Amino acid sequence: QGIGSPSVYHAVIVIFLEFFAWGLLTAPTLVVLHETFPKHTFLMNGLIQGVKGLLSFLSAPLIGALSDVWGRKSFLLLTVFFTCAPIPLMKISPWWYFAVISVSGVFAVTFSVVFAYVADITQEHERSMAYGLVSATFAASLVTSPAIGAYLGRAYGDSLVVVLATAIALLDICFILVAVPESLPEKMRPASWGAPISWEQADPFASLKKVGQDSIVLLICITVFLSYLPEAGQYSSFFLYLRQIMGFSSESVAAFIAVLGILSIIAQTIVLSLLMRSIGNKNTILLGLGFQILQLAWYGFGSEPWMMWAAGAVAAMSSITFPAVSALVSRTADADQQGVVQGMITGIRGLCNGLGPALYGFIFYIFHVELNELPMPESPSGGSVVAQYHLQQNSIIPGPPFLFGACSVLLALLVALFIPEHTNLTVRSSNWKKHCGSHGHPHSPQAPGEAKEPLLQDTNV
């Protein structure tokens, strides 16, 4: 089944088509969200994304374990289908559209299955480059698609954009059915489909329970939680904030995403490698956290569009934090515990994907950052009249959640100061082996948590 032998390029095409389809809908989604929930836009957006994130966190281990038994292709098909299922509902029924988005979080774990697919077909020394290719493809799909969607929506209407996104999603499903071969070798699968799945494999909190068993990994995990919680909330609401509060046009939001994506790719490749060689692993993490504090504070106090653009350039530099953390974690743990410690980081990030959006929406709601009317025509200065009115009302702190996020990252920076640059791997290895059992599935060539998540998360935006 499928065309040719399994390759990384099959996984890359699946990821590109799925997120290109969602990227086209960036501008229409922001409009439909505000029209559907005009009074509590940010709160409802946070709840929808929060429910989706929590469901993804709870279901990811189970789907990963089942794919170890039944193969990757069927679960690629399942996750892509349910992730893209809400797309045609945008114009049919907005209420059902947002309801299905939140529930689709149960299957919105395409990256987990894709990384398992890549692990099946690559050697260990090739894996990091293959994961980088998948993550870069994800970023590339979001660099181009929001701008295309905004242009088509302005020229031909949002209905055409929804139809085009639906067609691309169907193309992705057909590509998986026809062209993607199964990557899990037949000998790795059990004899029957009724093979038992243990609770340890399906428990989403299994990796988190091991966090406190090593003080250094505990410090790293606390740093990740405090720094990624505001980042997850920011991804869920920031483009809506630009559109509705800062008065950005659809084209400006699309251009912002494109510029931020390109700068992030440069920061995560060229700049990151230079920093790791020159100032070391730990100092690179501290520098990234410092940039993140500056970026969030600028978003929080910024009241002009140029401030958002300037802070966006700083945000690209802050994207070096997670690759540096992943590298530090891989050096801290012994070779046979890589999957366990990377699984902890992945679990914490998954938990933040649920808590962050809900927290941001709640803070927006507390501080009454709302629009009670639809956006009015743009004024000559470039911002909408409604947006300017609300900025006057909240002139001291236009974006309260971003300021809260800056405080959270400041705590992460203080915790990260206590992480040692070099550790004794011999002592730590015996410590891990004493506390941790085998974490991977017997039929899996790699523990699900070993895959490094991309910096841009599996979200609608």
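Mentor: Let us begin with Cys221, which has a relative accessibility of 2% and is therefore buried. Please keep in mind that this model is predicted.

Trainee: In which helix is Cys221 found?

Mentor: Cys221 belongs to helix H12, which covers residues 215-244.

Trainee: Which residues is Cys221 in contact with, leaving aside its neighbours within four places in sequence?

Mentor: Those residues are Val211, Met344, Ile345 and Ile348.

Trainee: How many residues has the largest nonpolar core?

Mentor: That core has 105 residues. The residues with the most contacts inside it include Ile220, Phe238 and Met308. Helix H12 gives the most to this core, with 14 residues.

Trainee: What does Phe238 touch, not counting residues up to four places away in sequence?

Mentor: Phe238 touches Phe256, Tyr299, Met308 and Phe402.

Trainee: Let us turn to charged side chains. How many salt bridges does a search of the whole structure find?

Mentor: The general idea is that side chains of opposite charge can pair when their charged atoms come close. In this structure, the search finds two salt bridges. One of them joins the side chains of Asp120 and Arg72, at 2.7 Å from N to O. This pair links distant parts of the chain, 48 residues apart: Asp120 lies in helix H7 (residues 110-121) and Arg72 in helix H4 (residues 72-84).

Trainee: Is Asp120 buried or exposed, and is Arg72 buried or exposed?

Mentor: A residue counts as buried when its relative accessible area is under 20%. Asp120 has 17% and is therefore buried; Arg72, with 1%, is buried as well.

Trainee: Which side chains meet in a salt bridge at 3.2 Å, N to O?

Mentor: They are the side chains of Arg154 and Glu251. Here too the pair links distant parts of the chain, 97 residues apart, with Arg154 in helix H8 (residues 124-156) and Glu251 in helix H13 (residues 250-278).

Notes:
Residues numbered from 1 in each chain as written. Predicted model: local features only at pLDDT ≥ 70, side-chain atom pairs only at ≥ 80, totals over all residues. Heavy atoms only, no water. Salt bridge = Lys/Arg side-chain N within 4 Å of Asp/Glu carboxyl O. Helix = DSSP H or I, 4+ residues; strand = E, 2+ residues; numbered from the N terminus. Buried < 20%, exposed > 50% of the residue type's maximum accessible area, 1.4 Å probe, protein only. Contact = heavy atoms within 4.5 Å. Core = buried A, V, L, I, M, F, W, Y, C linked by side-chain atoms within 4.5 Å.
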